[in-house]
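My entries are set down below in the order in which I made them.

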Amino acid sequence: RSWLDDCNKSHPQCSLSSNPPQLPTRLLDLHASEDTVRLIDTRGTKVIPYIALSYCWGNDSLPLTLSETTLPQNHQIASFPPSFQDAIRLTRALNIRYLWIDSLCILQDCIPDWESESSKMLQYYSGAFLVLAASRAASPASGFLRARDACEVVQQRYFPNAAGEGVTARRFSQHLTFDLNCGSAKCAPLDTRAWALQERLSARRIVHFYDAEMIWECEAGAKCECGKLSEGNRLLENGILPLKMRMAQGVAAGKKSPEEGFRAWAGLVEHYTRCNLTQDDDRLPAIGGLARMFSTEGRQGRYVAGMWERTLLPCILWRVGDSVNARRARTYVAPSWSWAGVVGQVDW
């Protein structure tokens with residue numbers, strides 16, 4: 001809560017007041033009763049703060065909203081999987097009335113609605129008051145507020161001497177592991193998902209729930225429970241900035257120079273292609289929201305098959321980063337000269 005309060009008071013760049021967001025078409029109203037939530041249609045509603053959940057769908061059966069649903073519709077909270085219940089508990093604790101969860105707020109059996117709503121996901125996550133990232137949960141059935149293993153939790157100890165001076169020590173633990181080593185077995189489940197990447201990068205504020213600690217990211221920087229990350233020390237263990245900050249800097253540089261914009265885009269694609277997708281034909285849609293962000297903010301020209309018109313020559317100089325596991329997409333995704341036609345890691 002202190003991170004959120006500090007961000008509200010000290011970070012004007014994270015505020016939504018200067019640029020009111022477009023509301024999602026549907027939201028969960030958490031004030032229905034203590035034991036229920038109500039799915040509502042927001043059309044015609046004034047701008048209201050809401051929290052969004054970023055999570056792994058996994059292989060479990062999820063509660064879905066279908067086209068036959070009549071709104072408003074009440075749901076028993078006890079019928080939801082643990083991660084959804086955790087998100088409701090946190091949203092209420094933060095005194096926010098509305099929550100957005102894609103499986104419940106998008107009509108899952110209506111292709112037009114799914115296409116319309118999925119094309120606006122970047123707006124929905126960037127317009128959220130806060131995004132909760134269920135990073136440690138492989139599926140909603142796992143829950144992300146479950147007890148943490150004591151041996152995993154990062155703790156600090158202070159060792160003073162007789163004069164009252166001393167040092168603070170903490171157990172070593174990497175922060176944002178997937179930013180450091182894409183594909184590492186130690187990475188949290190959500191961090192390896194391609195769709196979750198644009199949810200993270202578009203969010204104005206996001207809090208990640210890991211096994212060892214919580215990590216906060218916003219437009220101004222990152223923080224963590226152990227104190228390693230702070231506004232005075234933003235670097236990860238390998239001396240680089242978190243990906244969210246690097247991308248923000250890259251987009252800003254791209255406003256001035258197409259070449260700088262290309263470098264930022266290439267770095268993003270290298271990271272993105274190390275993430276996992278269930279469907280080959282999601283290769284371009286899952287990065288489409290971030291492409292729209294680049295096209296709005298930068299000077300890259302037209303966006304074509306994962307590449308930019310004004311830097312097309314360097315864009316086509318990609319190579320397969322892992323030739324052993326890479327393969328062509330099973331269905332047509334993009335022309336052969338585009339990185340998007342390959343399933344696997346690419347580099348420049």
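The entries that follow go from the whole chain to single residues.

**Basis.** I worked on a predicted model, in which local features need pLDDT of at least 70, side-chain atom pairs count only at pLDDT 80 or more, and totals for chains, interfaces and linings use all residues. Residues are numbered from 1 along each chain as its sequence is written, and side-chain values use heavy atoms, with hydrogens and water left out.

**Whole chain.** I found 11 helices and 17 strands in the protein chain; helices (H or I, at least four residues) and strands (E, at least two) are DSSP runs, numbered from the N terminus. Of the 348 residues, 51% count as buried, where buried means under 20% relative accessible area, exposed over 50% and partly exposed in between (1.4 Å probe, protein chains only). I then took contacts (heavy atoms within 4.5 Å). Among those between residues at least 6 apart in sequence, 67% join residues at least 24 apart.

**Cores.** I looked up the nonpolar cores, each a set of buried Ala, Val, Leu, Ile, Met, Phe, Trp, Tyr and Cys residues joined through side-chain atoms within 4.5 Å. The largest has 55 residues, and L28, L53, W100 and L132 have the most contacts inside it. A second, separate core of 35 residues includes A194, Y272, A286 and I287. In soluble globular proteins, nonpolar side chains tend to be buried together.

**W100 and A52.** Not counting residues up to four places away in sequence, I list among the residues touched by W100 P24, Y50, A52, L53, M121 and Y125. A52 lies in strand β3 (residues 50-54) and counts as buried because its relative accessibility is 0%.

**α7 with α8.** Helix α7 (residues 194-202) and helix α8 (residues 243-254) pack at about 70°, with axes 9 Å apart. Axes are lines fitted to C-alpha atoms, for helices over the stretch in contact, and angles run from 0 to 180 degrees between N-to-C directions. The two helices are therefore roughly perpendicular; the classes are roughly parallel under 35 degrees, roughly antiparallel over 145, roughly perpendicular from 65 to 115, and oblique for the rest. L197, R200, L201 and S202 in α7 meet L243, K244 and M247 in α8. I sorted the residues of this contact into four nonpolar, one polar and two charged. Here Ala, Val, Leu, Ile, Met, Phe, Trp, Tyr, Cys and Pro count as nonpolar, Asp, Glu, Lys and Arg as charged, and the others, Gly among them, as polar.

**α7 with α9.** The axes of α7 and helix α9 (residues 258-272) come within 10 Å and cross at roughly 140°, so α7 and α9 are oblique to each other. A194, L197 and L201 in α7 meet L268, H271 and Y272 in α9. This contact divides into five nonpolar residues, one polar and no charged.

**Loop residues.** C275 and D191 are 84 residues apart in sequence and 7.8 Å apart, C-alpha to C-alpha. T311, in the loop between β13 (307-308) and α11 (312-315), is buried at 4%. Leaving aside its neighbours within four places in sequence, T311 is in contact with P258, E259 and F262.
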